Each structure stands twice: as structure tokens, then as C-alpha cells.
Amino acid sequence: MSVPPAAPLTTKVLTTHVPIELASKVDAMAERLDRSRGWIVKQAIAAWIDLEEERHRMTLAALADISAGHVISHQAVTAWADSLSTDTPLPPPVA
């Protein structure tokens, strides 16, 4: 059974100016990992995008919690935090 050829990878060139120190770090990392600068930059961008997408998802979830009334009052949090340095700390507040 023959496998059909993979579709050609579509790419776009991005150009940016980076500080010399950062470019030097990219070059050093590429050398250490025996990878191209482009590979290092693609990995870094992909990791940053993943992080930002997760941060956005968590922000939307937090806003939904607030809209649903799942909140803890400032006074409850402050009382709990203040109790942590006492002999009888309060249990953590819950929504």
C-alpha cells in the first residue's frame, strides 16, 4: 500500500529586529542544540503563543466565575491571611 505524498508545508517569513544580546543567545542556543536559528525562533514563538492562549482561556474562565458569583470577599481573604500568623489560623475561605 503506498502512502500519498504529504501536502507542501505553507510558511510565511516574519522579520523582526531584536537586541544584539538576544540574537546572541539565539545563536548560542542554536549552536548548542545543533539546530538552525529559525528552528529556535519557531519553538520560542510556539511556546509563547501556547502560554498566551492558556492565559486568555484562564482569564475567560475567571471572568465567568465572577459573573456566576463565585467570588470571595476581600474581608474574608484579609481575615484568613491575618490569621496565618496566629496560633489558630482560619481555614482558607471558599466561594
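Reply: Helices here are DSSP runs of H or I with at least four residues, numbered from the N terminus. This is a predicted model: local features need pLDDT of at least 70, side-chain atom pairs count only at pLDDT 80 or more, and totals for chains, interfaces and linings use all residues. Residues are numbered from 1 along each chain as its sequence is written, and side-chain values use heavy atoms, without hydrogens or water.

Helix α1 covers residues 20-33, 14 residues in total. From first C-alpha to last, α1 reaches 20 Å, close to the 20 Å expected at 1.5 Å a residue. That expectation is 1.5 Å times one less than the number of residues.

Next, the charged pairs. R37 and D27 meet in a salt bridge, 2.8 Å from N to O. R37 lies in helix α2 and D27 in α1, so the pair ties together parts 10 residues apart in sequence. A salt bridge here is a side-chain nitrogen of Lys or Arg within 4 Å of a carboxyl oxygen of Asp or Glu. R37 is exposed at 54% relative accessibility. D27 is partly exposed at 34%. Buried means under 20% relative accessible area, exposed over 50%, partly exposed in between (1.4 Å probe, protein chains only).

Helix α1 also holds E21 and K25, four residues apart, about one turn. Their closest N and O atoms are 3.7 Å apart, in a salt bridge. Both E21 and K25 are exposed. The whole structure has four salt bridges.

Conventions:
Helices (H or I, at least four residues) and strands (E, at least two) are DSSP runs, numbered from the N terminus.
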